[in-house]
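Hi,

Here is the structure I promised to pass on.

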Amino acid sequence: MTHPESDLPGRPAEHAPDERPGGCADPAVGLLLTISEAVVLAVLLIWLGLRGLGRSHAPVDSGAPPASGAGAETDWVPTIAFGVLALVVVVLATVLLRDRWYWAGGIQVLVAVALCTLTLTSAFQADVDAPPAPAPAWNSPPCGSGGDSEECARSGG
């Protein structure tokens, strides 16, 4: 008794390409997710822009000293917001690829790479825009030797 080759024990059954979940809807789902993520990103950019305008028009002298002596702090909110959005897209891409939605998952991988690049750019820009630390104020002790020494000449006293 002979068996057809696909029915041999230990040989995986071959699946037709149409048996994948999603089928023709796979690219459409990828496009729909990309459009929805673009809308979320646009809303996020508008919110960050309005937040930046609000910060730029805030009163300069509020009377309260800053938390640290360095003055204005670095704003990490854009970096965190882009990072959270990138993390959501990475998780979504992973789930889609594991469920064999290859087009939608692949599109999400590309979107995730773009968002991770945006996150890193935002982080480096926040680091560049950070105000420099103020120079330490050091007052030298008065010259005790009458002002004739070389130390007093260098210190200006």
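**The helices**

Helix α1 has 32 residues and reaches 46 Å from its first C-alpha to its last, close to the 46 Å expected at 1.5 Å a residue. (Helices are DSSP runs of H or I with at least four residues, strands are runs of E with at least two, and both are numbered from the N terminus; the expected span is 1.5 Å times one less than the number of residues.) Before you read on: this is a predicted model, where local features need pLDDT of at least 70 and side-chain atom pairs count only at pLDDT 80 or more, while totals for chains, interfaces and linings use all residues. Residues are numbered from 1 along each chain as its sequence is written, and side-chain values use heavy atoms, with hydrogens and water left out.

Overall you get 4 helices and 0 strands, in the order α-α-α-α from the N terminus. Helix α3 (residues 102–129) has 28 residues and spans 40 Å from first C-alpha to last, close to the 40 Å expected.

**What is inside**

Of the 157 residues, 16% count as buried. Here buried means under 20% relative accessible area, exposed means over 50%, and partly exposed is in between, using a 1.4 Å probe and protein chains only. In α1 the buried residues are Asp 26, Gly 30, Glu 37, Leu 44 and Leu 48, and they pack against α2 and α3. The buried residues of α3, including Val 111, Leu 115 and Thr 119, pack against α1 and α2 (77–98).

Gln 108 deserves a click. This residue of helix α3 is buried, with a relative accessible area of 0%. What does Gln 108 contact, leaving aside its neighbours within four places in sequence? The list is Gly 30, Leu 33, Thr 34, Glu 37, Val 89, Leu 92, Ala 93 and Leu 96, where contact means heavy atoms within 4.5 Å. For the protein as a whole, among contacts between residues at least 6 apart in sequence, 74% join residues at least 24 apart.

**Bridges and cysteines**

The search of the whole structure turned up 1 salt bridge, meaning a side-chain nitrogen of Lys or Arg within 4 Å of a carboxyl oxygen of Asp or Glu. Arg 51 pairs with Asp 75, and their closest N and O atoms are 2.7 Å apart. The two sit 24 residues apart, Arg 51 in helix α1 and Asp 75 in the loop between α1 and α2. Arg 51 is partly exposed at 23% relative accessibility, and Asp 75 is partly exposed at 23%.

How many disulfides are there? The search finds 0, a disulfide being a pair of cysteine sulfur atoms within 2.5 Å. Cys 24 is exposed at 77% relative accessible area, and Cys 116 is partly exposed at 35%.

**On the surface**

The protein exposes about 11,800 Å², with carbon and sulfur atoms supplying 67% of it; areas come from the Shrake-Rupley method with a 1.4 Å probe, and for residues only the protein chains shown count as cover. Leu 31, Ile 35, Val 39 and Val 43 form a nonpolar surface patch with about 380 Å² of accessible area together. (Patch residues have over 30% relative accessible area and no salt bridge; like charges are joined within 9 Å, and nonpolar side chains, namely Val, Leu, Ile, Met, Phe, Trp and Tyr, within 5 Å.) Val 39 is in helix α1 (residues 25–56).

Most residues other than glycine have a negative phi. Arg 100 has a positive phi of about 65° although it is not a glycine. Arg 100 lies in the loop between α2 and α3 and is partly exposed at 36% relative accessibility.

Cheers
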